[in-house]
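Q: Hi, I have just opened this one and would like a guided look. Could you take me through it slowly?

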Amino acid sequence: MRRQAGAAATVLRAGLLAGVLDITAAFITWAPRGIGPVIILQGIASGLLGPKAFKGGWETAALGAACHFFIAFSAAAVFYAESRTLTVMTRRPVLSGVLYGVAVYVVMYWIVIPLSNFGRRPFSVSAAAIAILTHMVCVGLPISLVVRRYSTQARAAGYGENSNP
């Protein structure tokens, strides 16, 4: 039987998984439009630097990657912290993950991006639907499932390695 991971290890695992899945989804979503990974990462960095991020080459792409993973680790840390008191988050990880993905989308697209130097983009229902679905599947669900996997409450409730909740 595996040992229980501590808070930092759990947040690291959840944030890394969500970050990789989310950025991969962004690369796949934008590739058909001819927008490559470097431009996407520079776009993330533009939240801090504004339009000059697109002139910074790999350096600003690396800054964008760092920002992206900082946000993913932050989202994982918030979920983990809240799951310590709201045990339903680990007892019902699929529902919690889907709802958390929507919450992360709302915070990012309705608070963080408007307050950043990213600039305004016109609203599109189809783009919003893709972003919400991506946040549900690639951010909320992975975070909730990893946190549940390494949660003391989940183990106490019988949701361990060999159980089928």
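Q: Let's begin with W110: is it buried or exposed?
A: W110 counts as exposed, because its relative accessibility is 54%, and the cut-off for exposed is over 50%. Please keep in mind that this is a predicted model.

Q: And F123, buried or exposed?
A: F123 is exposed, with a relative accessible area of 58%.

Q: OK, let's step back. How many helices and strands does the protein have?
A: The protein has 7 helices and 0 strands, and from the N terminus on its elements run α-α-α-α-α-α-α.

Q: How much of it counts as buried?
A: Of the 165 residues of the protein, 36% count as buried.

Q: What about contacts across the sequence, what share joins residues at least 24 apart?
A: If you take the contacts between residues at least 6 apart in sequence, 66% of them join residues at least 24 apart.

Q: Now rings. How many aromatic pairs are there?
A: A search of the whole structure finds 4 aromatic pairs. In one of them, the rings of F69 and F73 have their centres 6.3 Å apart and their planes at 40°, so this pair is tilted.

Q: Where do F69 and F73 lie?
A: Both F69 and F73 lie in helix α3, which covers residues 57-83, and they are 4 residues apart, about one turn of the helix. F69 counts as partly exposed because its relative accessibility is 21%, and F73 counts as partly exposed at 25%.

Q: Back to W110 and F123, how are their rings placed?
A: The centres of the W110 and F123 rings are 6.4 Å apart and the planes are at 45°, so this pair is tilted. W110 lies in helix α5 (residues 93-115), while F123 lies in the loop between α5 and α6 (125-149), so the pair ties together parts that are 13 residues apart in sequence.

Q: Which ring does the charged end of R13 sit over?
A: The charged end of R13 sits over the ring of Y150, at 4.4 Å from its centre. There is also R33, which lies over the face of W30, 4.6 Å from the ring centre.

Q: What about the second largest pocket, what volume does it have?
A: The second largest pocket has a volume of about 190 Å³, and the residues that line it include I71, S74, Y100, V104 and M108.

Technical notes: Residues numbered from 1 in each chain as written. Predicted model: local features only at pLDDT ≥ 70, side-chain atom pairs only at ≥ 80, totals over all residues. Heavy atoms only, no water. Phe/Tyr/Trp six-rings, centres within 6.5 Å; stacked < 30°, edge-to-face > 60°. Helix = DSSP H or I, 4+ residues; strand = E, 2+ residues; numbered from the N terminus. Buried < 20%, exposed > 50% of the residue type's maximum accessible area, 1.4 Å probe, protein only. Lys NZ or Arg CZ within 6 Å of the ring centre and 35° of its normal. 1 Å grid on protein atoms, 1.4 Å probe; cavity = no way out; pocket = protein on both sides within 12 Å on 5 of 7 lines; lining within 4 Å. Points joined across faces, edges and corners; volume = space filled by probe spheres on them. Contact = heavy atoms within 4.5 Å.
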